[in-house]
Amino acid sequence: MSSTTGTRGESVTPANPASDTVADTTDVTALLERGRALSTPVLRAAVDRLAPPMDTVAAYHFGWIDAQGRPADGDGGKAVRPALALLSAEAAGAAAEAGIPGAVAVELVHNFSLLHDDLMDGDEQRRHRDTVWKVHGPAQAILVGDALFALAYDILLELGTVEAGRAARRLTTATRKLIDGQAQDISYEHRESVSVEECLEMEGNKTGALLACACSIGAVLGGADDRTADVLEAYGHHLGLAFQAVDDLLGIWGDPESTGKQTWSDLRQRKKSLPVVAALAAGGPASERLGELLAADAKSSDFESFSEEEFAARAALIEEAGGREWTAQEARRQHAVAIEVLHGVDMPEPVRAQLTALADFVVVRKR
């Protein structure tokens, strides 16, 4: 299999998958569909608790209705986190259903972050539709995000069990890290220099923390001890870093028809993503030229009017300096570490194979 070199929109494929067996797409699709099918009714019921018009705005965000309030069958996302939460419960020897409250709580926090991130980043499109702030205004995006955050803890704490309290504590820690990561991400956009280590720390917070929580929360609700939950959380942390590395590649070279975002979207937002940071750290003529252009961009008054060719030139310099290939290798490395971590937990072998399959999917996905 090839690495990520090639045309924009090409999939990100591990040269040597760490797993012994790579499950086919149908197996992964079934896992994702199970997560969606079991969590969506509970998620809808939670959203129905919101006061108008927040319930309608949230329903639009999740793709259940269109901007006019008519029923819709929108793209609600890949449902990776719910699938992981259910597998987490099974890894602890419990039924998948034990993980449903955790799956829904994590999904609510994830979407709280998306609503706020879209507004902060000025993103006008998500999942091929106008974002909430674009349709319903910034105030509703903030309020609905806050409401989803509160609902997440209601879903857990109303269970009234010791395990629910432990799960809520893990979700609180993950949410705090997620917010720290978003703050770091925003601050890095205004800095001339960001190290690779800083970028990885930010992405571990912004993406890795909540994915790690998804991988442990079902186990906790299923009665697992802290050691088992911690190992599953470590798997999720490294999986999150692989996930974000792939996202960073797609944020520059992804096909807009697949990603639902503009071409060169991360470059338009001046994000210090892994490909950019790695390219700047590499040294050499392409790295130096890229640094000069990005420094000039930061001071430019007409950056918003840059042509496609100007963004394409910056993407080409990132690739020439090695930022694209370094990021692809980092995705593969984090994938391998995530799979290795799983050996620290005794679990049913089918569950281990399914967790491996989801990790493979994260690294080879196109969007």
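Q: Cys215, buried or exposed?
A: Cys215 counts as buried, at 3% relative accessibility. Buried means under 20% relative accessible area, exposed over 50%, and partly exposed in between, with a 1.4 Å probe and protein chains only. This is a predicted model, where local features need pLDDT of at least 70, side-chain atom pairs count only at pLDDT 80 or more, and totals for chains, interfaces and linings use all residues. Residues are numbered from 1 along each chain as its sequence is written, and side-chain values use heavy atoms, with hydrogens and water left out.

Q: How many disulfides?
A: The structure holds zero disulfides, a disulfide being a pair of cysteine sulfur atoms within 2.5 Å.

Q: OK, salt bridges. What's the count?
A: The count comes to 23 salt bridges. The rule asks for a side-chain nitrogen of Lys or Arg within 4 Å of a carboxyl oxygen of Asp or Glu.

Q: What does Arg49 pair with?
A: Arg49 meets Glu158 in a salt bridge, 2.9 Å from N to O. Arg49 lies in the loop between α1 and α2, and Glu158 in the loop between α6 (138-157) and α7 (162-188), so the pair ties together parts that are 109 residues apart in sequence. Helices here are DSSP runs (H or I, at least four residues), as are strands (E, at least two), numbered from the N terminus. Arg49 is partly exposed, with a relative accessible area of 44%.

Q: Which residue does Asp226 meet in a salt bridge?
A: Arg166, again at 2.9 Å from N to O. Asp226 is in helix α9 (residues 226-253) and Arg166 in helix α7, so this pair ties together parts that are 60 residues apart in sequence. Asp226 counts as partly exposed at 43% relative accessibility, and Arg166 is partly exposed at 24%.

Q: What about Arg176, where's its partner?
A: Arg176 forms a salt bridge with Asp180, with the closest N and O atoms 3.9 Å apart. Both lie in helix α7, four residues apart, about one turn of the helix.

Q: Which residues are linked in a network?
A: Salt bridges link Asp121, Asp185, Glu189, Lys206 and Lys271 in a network.

Q: Switching to the backbone. Which peptide bond is cis?
A: The bond from Pro52 to Pro53 is cis, with omega near 0 degrees. Pro53 lies in the loop between α1 (25-47) and α2 (54-61).

Q: What's phi at Ala79?
A: Near 65 degrees, a positive value in a residue other than glycine. Ala79 sits in the loop between α2 and α3 (80-91) and is buried, with a relative accessible area of 10%.

Q: And Arg127, where is that?
A: Arg127 is in the loop between β1 (125-126) and β2 (129-130). Its phi is also positive, about 55 degrees, and at 15% relative accessibility Arg127 counts as buried.

Q: Last one: what lies nearest the centre of the largest pocket?
A: Asp121, Gly122, Arg268, Gln269 and Glu304, out of 20 lining residues. Elements giving two or more residues to that lining are α4 (100-121) and α11 (265-268). On a 1 Å grid over the protein atoms alone, a pocket is an open set of points where a 1.4 Å probe fits, with protein on both sides within 12 Å along at least five of seven lines, and lining residues have an atom within 4 Å of a point.
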